[in-house]
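Subject: Structure handover

Hello,

Here is the structure for your files. My notes on ring pairs and on one helix packing follow below it.

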Amino acid sequence: MIDIEHEIGFFEAVNDNYDSAEFFLKISAENGNVESQNDLGVIYERKKQFVKALFWYEKAGKNGNPIALCNAGQLYMKGQGTKLNYEKAIQLYKKAIQMNCEFGYYLLGRMYAFGIGVEENDQIAARYWIKGSKISVCDRGCNLFCGYIYEYGIGVKKDEQKAFKYYQLATDQGNYGAKYYLGKCYLEGKGVAPDIEYGIKLCYESAFEGCSHAMFELAKIYGTDEYGKKNDKLCLYWLNLGVCQDDQNCLLKLAELAIKGEMISVDLNLAHQYLERFLELCPEENEEMMNKYYDLQKSLNNMQNIQNL
């Protein structure tokens, strides 16, 4: 029997009508629809009502929804709607894994990869992602991250052909971020024969689906003569689109252009705005990106001092 309230609530949620979605999903959830209980948690999380979100995630999790367990775990991991509790997050992820949930493998792997609440361990992270990839039908990250670790040899022996295989699998399962990495494989000939045009096509598709990394890649393609595609207007188009997505690389590149007066006129105030926004987004432990920021900030300060003479 069709649950009309769930169907209407889901439709309203997809269309970002959160108040209407909440109304219908709550009716369905209170009548015991486990999927609606999780979806209602998602609505409350998007409305930043984290206590309510956690309540419905945990209710759905107790009723056998593994994705809800993962969603609840993420709230515990971020301390939203509850006290920060990494142990509880791990417990929920492991419970989801026992229910054969790929998302649980992905999230637990991330904790070990980045040392969140546990000691950083690339080998353990790799094992979780590889296990998760074996049960993946709609990639939630395991295939993508398997591609990444094999491409760069993180926790596993470097193998570009395996990396390509995982990126392709993740792309086939609908992961638009993986489509960007697959495009880079074709651009750089990693694990596959180079195909510049197809690589650019994949980056375009990934960018139009919202991947800011692909936007920056396209900006690089059009910003240099490396692939014979130099086009300043297209470069700026993709950089500005990436900035709208808060892409840190795009913010730094536009700041650099505004300081140097390349492609655009010198605009130190605009450069300052880009650098300020970057600083709000970038974690201090990202030394490579922070060093780029410090260099640009130094250049900006020098230009401002010259203007003040």
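Tyr204 and Phe208 both sit in helix H12 (residues 196-208), four residues apart, or about one turn of the helix. Please keep in mind that this is a predicted model. The ring centres of Tyr204 and Phe208 are 5.8 Å apart with the planes at 40 degrees; the range for tilted pairs runs between the stacked limit of 30 degrees and the edge-to-face limit of 60, so this pair is tilted. Tyr204 is partly exposed, at 21% relative accessibility, whereas Phe208 is exposed, at 58%.

A second pair is formed by Tyr237 and Trp238, with ring centres 5.0 Å apart and planes at 80 degrees, so it is edge-to-face. Here Tyr237 is partly exposed with a relative accessible area of 40%, and Trp238 is buried with 1%.

In total the structure holds 20 aromatic pairs. Ring pairs also join Tyr148, Tyr152, Tyr167, Tyr180 and Tyr181 into a cluster.

Now the helix packing. How do H7 and H8 run relative to each other? The axes of H7 (residues 102-114) and H8 (residues 122-133) come within 8 Å and cross at roughly 170 degrees; angles over 145 degrees count as roughly antiparallel, and H7 and H8 are therefore roughly antiparallel to each other. Their crossing is left-handed.

On the H7 side the contact includes Tyr105, Tyr106, Leu108 and Arg110, and on the H8 side it includes Ile124, Tyr128, Trp129 and Lys131. The residues of this contact divide into nine nonpolar, two polar and four charged.

Regards

Terms used:
Residues are numbered from 1 along each chain as its sequence is written. This is a predicted model: local features need pLDDT of at least 70, side-chain atom pairs count only at pLDDT 80 or more; totals for chains, interfaces and linings use all residues. Side-chain values use heavy atoms; hydrogens and water are left out. Axes are lines fitted to C-alpha atoms, for helices over the stretch in contact, and angles run from 0 to 180 degrees between N-to-C directions. Helices (H or I, at least four residues) and strands (E, at least two) are DSSP runs, numbered from the N terminus. Angles under 35 degrees count as roughly parallel, over 145 as roughly antiparallel, 65 to 115 as roughly perpendicular and the rest as oblique. A crossing is left-handed if the near helix is turned anticlockwise from the far one by less than a right angle, and right-handed if clockwise. Contact means heavy atoms within 4.5 Å. Ala, Val, Leu, Ile, Met, Phe, Trp, Tyr, Cys and Pro count as nonpolar, Asp, Glu, Lys and Arg as charged, and the others, Gly among them, as polar. Rings of Phe, Tyr and Trp (its six-membered ring) pair if their centres lie within 6.5 Å; planes under 30 degrees apart count as stacked, over 60 as edge-to-face and the rest as tilted. Buried means under 20% relative accessible area, exposed over 50%, partly exposed in between (1.4 Å probe, protein chains only).
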